[in-house]
Amino acid sequence: MNLTLKIWRQKDATSKGAIQTYQLEGVEPDMSFLEMLDVLNQELIDKGEEPVVFDHDCREGICGTCSLQINGEPHGPDRGVTTCQLHMRMFKDGDTITIEPFRAKAFPVIKDLVVDRSSFERIQQAGGYVSVNTSGNTQDANSIPIAKDKADAAFYAATCIGCGACVAACKNASAMLFTSAKVSQMALLPQGEVEADRRVLAMVEQMDKEGFGNCTNTGACEIECPKGISLENIARMNREYLRASVK
Amino acid sequence: MFANEVKERIFAFTLLKIITNFMAKSALLKSSLAKKYWMAFTGLFLCLFLVGHLAGNLQLLATGEGARDQFNEYALFMTTNPIVRVLSIVTFASILFHVIDGIVLTVNNRKARPQGYASFKPATNSKWSSRNMGVLGTVILAFIVIHLINFWGEMKFGGLDDTVYQTANGETVKDLYTLTIRTFQDAEMGLIWAIIYLISMIAIGFHLYHGFGSGFQSLGVNHPKYNNFVRKTGVAFSIIVPLLFAIIPFYIYFVLEKI
């Protein structure tokens, strides 16, 4: 496959970036998207040019490190996958592919395609945890019975890998799918219920502070989420917050 | 008449001031979620208003001698009944609140992405109506202004003597029925008004298509047991209500006997 790549290049956080065009030949359809970028970078290095900087780690769709807005969609045109799981067979020979960083005020670009997603971590730190002492006195898991549907819903919420595709896809750059998943995975379980009120108030406050937009229920996040996190979580967060703020 | 106008303006200005002060200071409005609750709450209240308004308007489809009497008596009731007066003030406040809250949210949302994408394909993951609520809302707001000038303004401030009407018990009231029929039967403007109203109702339809379900989601009502019901009700509501509203001007222009 021969491709035309339009890639956002930006020297550092303070520089003004621009789209640059690259021609890449001999791309295999079985390559992952990141492997295709590896090939491009090897060519750039061979030519003595600066390689394109992009985030990646596990390359098996579980770490949430890879990002990229590919042809106007986070993680590209495939559904339920991260960029590392996106294969070049999703594209055709001769295609032009536009590759940009995730765009949000709360996700500032560090270099090229890499953005700083520590705003997500600060939301987590604001309340996305359970304050129980687990050292040495851990209970047997079966001593706290949990309804199957609740356990499942909590598990599905917990599959969020915090990649930021929801923010990238949202026309308002809202982080409500991420925040609601982190609120839900705890609020649904008895261990997390104790701190539920404090948690949701603190996490939403932090989310607002970071400068994310507001959810307008377009549902783009749910479609683009590589883990299929449901909008039900946002509704749950809305309920939790309403309940906590009138108490 | 002049004193009344000044009173109305002072009232509107005070209301606006109270609302903007409330929005700037209240804890119930500060957070992003609180703004969503208010958007949903006022929006769903306005859905109820639409039902009431439609029920009243459908009386315009009536023909014969009694049609004028029936509609004007209904109009008299709507302008004098104290409960309806309170409801109409709440409706105006809701519209104002919905608009201001919408503007505040839109400005925040724009700020959340200072640098846009070179390539952005929202059509692959969301519906057009859900992404254009602001545009649709602006069209609806413009319509509300036109609609108020057409009828509410005429009723309140208009001095059309020939549309003054005597009720059965001898009271003199303005003849809203004749005013309405004449507006839509006007040789020059009647059809144009009908088309303007039709376009506005299409905008309301799309606004409701997203807004109805979105309101429930914002208030946290999302449950597999009820989602289908809410979705179907929303779709039906967004088609039936605007359609029935839009039929009335065309019915008056094409079908109803000329007066």
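What follows is a short walk through this structure, from one chain to the contact between two.

This is a predicted model, in which local features need pLDDT of at least 70, side-chain atom pairs count only at pLDDT 80 or more, and totals for chains, interfaces and linings use all residues. Residues are numbered from 1 along each chain as its sequence is written, while chains are lettered from A and ligands numbered from 1 in the order in which they are written.

Start with chain A. Its C-alpha trace spans about 60 × 35 × 35 Å along the principal axes. The chain has nine helices and seven strands. Both kinds of element are DSSP runs, numbered from the N terminus: helices are H or I with at least four residues, and strands are E with at least two. Chain A has 247 residues, and 45% of them count as buried. Buried means that 20 or more other C-beta atoms lie within 10 Å of the residue's own; 12 or fewer means exposed, anything in between is partly exposed, and the C-beta atoms are placed from the backbone. Now take the contacts in chain A with a separation of 6 or more: 70% of them link residues 24 or more positions apart. Two residues are in contact if their C-beta atoms, placed from the backbone, lie within 7 Å.

Next, look at the sheet. Five strands of chain A form an open, mixed sheet in the order β2-β1-β5-β3-β4. Strands pair if DSSP finds at least two bridges between them. β2 and β4 (73-74) of chain A are the edge strands, each pairing on one side only. Follow β1(A), residues 3-9. It runs antiparallel to β2(A), residues 18-24, over seven bridges. Here Leu5(A) has Tyr22(A) as its bridge partner, and Thr4(A) has Gln23(A). β1(A) also pairs with β5(A), residues 96-100, this time in parallel and through four bridges. Lys6(A) is bridged to Thr98(A) in β5(A). In a regular strand, side chains alternate between the two faces of the sheet.

Step back to the domains. Chain A is assigned domain 1 (3-111) and domain 2 (118-132 + 141-246). Such bounds come from an automatic or database domain assignment. The C-alpha centres of the two domains lie 28 Å apart. Their contact takes 18 residues from domain 1 and 17 residues from domain 2 of chain A. The domain 1 side has eight nonpolar, seven polar and three charged residues. Ala, Val, Leu, Ile, Met, Phe, Trp, Tyr, Cys and Pro count as nonpolar; Asp, Glu, Lys and Arg are charged; the others, Gly among them, are polar.

Turn to chain B and two of its helices. The axes of α8(B), residues 176-185, and α9(B) come within 5 Å and cross at roughly 95 degrees. The two helices are therefore roughly perpendicular to each other. α8(B) brings Thr183(B), Phe184(B) and Gln185(B) to the contact, and α9(B) brings Gly190(B), Trp193(B) and Ala194(B). These residues divide into three nonpolar, three polar and no charged.

Finally, see where the chains meet. The contact takes 34 residues from chain B and 36 residues from chain A. On the chain B side, α3 (32-57), α5 (82-111), α6 (128-131) and α9 (190-218) each give two or more residues. α3(B) gives the most, with five residues. By class, the chain B side has 12 nonpolar, 16 polar and six charged residues.

Key. Axes fitted to C-alpha atoms, helices over the stretch in contact; angles between N-to-C directions. Parallel < 35°, antiparallel > 145°, perpendicular 65-115°, else oblique.
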